[in-house]
There are 2 protein chains.
Amino acid sequence: MKNIVLASTSTLYGEAYLAYLQPVIKELFAAAGEVIFVPYARPGGISHDEYTANAAKVFADAGITLRGLHTFDNPAEALRVGKGFFTGGGNTFLLVKQLHELGVMQVLAEEVSNGKPYLGTSAGSNIGGVNMQTTNDMPIVYPPSFTTMGLVPFNLNPHYLDPIPELPHMGETRETRIKEFHTQQVVPVVGLREGGWIRVKDTRVTLEGVPAARIFLPGKPAYEVKSGEEIVF
Amino acid sequence: MKNIVLASTSTLYGEAYLAYLQPVIKELFAAAGEVIFVPYARPGGISHDEYTANAAKVFADAGITLRGLHTFDNPAEALRVGKGFFTGGGNTFLLVKQLHELGVMQVLAEEVSNGKPYLGTSAGSNIGGVNMQTTNDMPIVYPPSFTTMGLVPFNLNPHYLDPIPELPHMGETRETRIKEFHTQQVVPVVGLREGGWIRVKDTRVTLEGVPAARIFLPGKPAYEVKSGEEIVF
């Protein structure tokens, strides 16, 4: 039975790291006791150790021990025996490159698909999708593949941002970018606004949190899904 | 003698396509008469034909004939005999993939380095840099390489956007993303605000247009370069 949370962001504006996700963390990992943290997205270039320490502080408040995947000699084996996983945000290209080069993308996908609890935030949520090709991140490294875990049958666009009408900026809006994605691929995309998360329990996929999410299907007008509603295609 | 313009954007807010660049187009391509248009970035998924027609209308007003690279049987040969080149914006991943797969990235780089005039806007400017790894675009396709033409010894970030202080959005700012790039690479980055362009005349590289540009070097504080000033490292 799948037991997954894919959150748009780790941090809400003006709040502490993971603060709004504390109830989710407690529910998700209550039975796990120890959770493995995947620190490879390295937001702002932070070190694996420092990133893990930051996340571990928050998990300690929930009575959960967090250990960085980078501290294991055999990361694939660590995932096989691990009881639950949290992948933090940062740069999706860095994260995906590292997971593929370590040969653990598929291992993590299998362990989570078989029922171990998984939390992703931002880049850590992107890798729950079919591929990373709707990330907002800069391609600062070249991953051997853009394929990700496919825990859900769609892609995510975390930190989804509505167009800002008063902004005299001619760069593409997020919606335009996602429509460009759909000129190339038919994978559905969930634009996940900050404060929202996708909850997977077995085969049921729902939107949770405060904001609605915006759904993009190729060749169709985008539409909204409200918190509590199922995400089905 | 290099003769290159790399512009942040094709279109200023509230203006027509390429309107603010008309004087630049006339100066750059006056002697060329016919220019080859590289339409592969396909903004919004527009077809090669339609994109070329849009650009050709503007060039016709300046007395210049524009022909799409996609209409030549042998694109490499077309570039070898072509007299000048314009690469339009859109999705940088699409553009770079197509140029590499056609085997013309290096050909275009050579022809422009040898003195043929080149105009790039947005994605078309990104490929003037060392690599495309400071693009803002979504990775909607997987290029065989991120390497670009290296017409200048730095990378560009077109549509550079300053942080918006009142925006309660926790996605990374552009500056944060570029700093993350510098955790992986030492290539300097020019954050090119809309309305600005880089002018290369032989070995002299200057900033032109209205706004200042923001310069990012690894391990140093970002700084501003004003219009008319040289960009040197």
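Contact, in these legends, means heavy atoms within 4.5 Å of one another. The model shown in every view is predicted.

**View 1. The interface between chain A and chain B.** The size of an interface is often given as the accessible area lost when the parts come together. Between them, chain A and chain B bury about 3900 Å², and 61% of this area lies on carbon and sulfur atoms. On the side of chain A, the residues that lose the most area to chain B are A:Met138, A:Tyr142 and A:Met170, which together account for 19% of what that side buries.

**View 2. The seven-stranded sheet of chain A.** The strands of this open sheet, with mixed pairing, follow the order β3-β2-β4-β5-β1-β8-β9 in chain A. At its edges stand β3 (65–68) and β9 (204–209) of chain A, each of which pairs on one side only, and the twist from one strand to the next averages 20°. Within the sheet, strand β1 (residues 3–7) of chain A runs parallel to strand β5 (residues 118–121) of chain A, and four bridges join the two; here A:Ile4 stands opposite A:Tyr118 in β5(A).

**View 3. Two helices on the sheet of chain A.** Helix α1 (residues 22–29) of chain A packs on the sheet, where it touches β1, β2 (34–38), β4 (85–87), β5 and β8 (196–201) of chain A, and its direction makes about 155° with that of β5(A). Helix α2(A) lies across β2, β3, β4 and β5 of chain A, and runs at about 165° to β3(A).

**View 4. The four-stranded sheet of chain B.** Strands of a sheet pair through backbone hydrogen bonds, either parallel or antiparallel. In chain B, an open sheet of four strands has the order β6-β7-β10-β11, with mixed pairing. Because β6 (155–157) and β11 (223–225) of chain B stand at the edges with a single partner strand each, one side of each is left without a neighbour in the sheet. The twist averages 30° from one strand to the next. Strand β7 (residues 189–191) of chain B and strand β10 (residues 213–216) of chain B run antiparallel and are joined by three bridges, and the bridge partner of B:Gly191 in β10(B) is B:Arg214.

**View 5. The largest pocket.** This pocket has a volume of about 750 Å³. It is lined by 28 residues, of which the closest to its centre are A:Leu161, A:His169, A:Arg174, B:Leu161 and B:Arg174. The elements that give two or more residues to this lining are α7 (174–181) of chain A and α7 (174–181) of chain B. By class, the lining of the largest pocket has ten nonpolar, ten polar and eight charged residues.

**View 6. The second largest pocket.** The volume of this pocket is about 350 Å³. Of the 18 residues that line the second largest pocket, A:Ser10, A:Thr11, A:Pro43, B:Met170 and B:Glu172 are the closest to its centre. Both α2 (48–61) of chain A and α7 of chain B supply at least two residues of this lining, which divides by class into five nonpolar, eleven polar and two charged residues.

Terms used
Residues numbered from 1 in each chain as written. Chains lettered and ligands numbered in written order. Predicted model: local features only at pLDDT ≥ 70, side-chain atom pairs only at ≥ 80, totals over all residues. Heavy atoms only, no water. 1 Å grid on protein atoms, 1.4 Å probe; cavity = no way out; pocket = protein on both sides within 12 Å on 5 of 7 lines; lining within 4 Å. Points joined across faces, edges and corners; volume = space filled by probe spheres on them. Nonpolar A, V, L, I, M, F, W, Y, C, P; charged D, E, K, R; others polar. Pairing = 2+ DSSP bridges. Axes fitted to C-alpha atoms, helices over the stretch in contact; angles between N-to-C directions. Buried area = accessible area lost by both parts, 1.4 Å probe.
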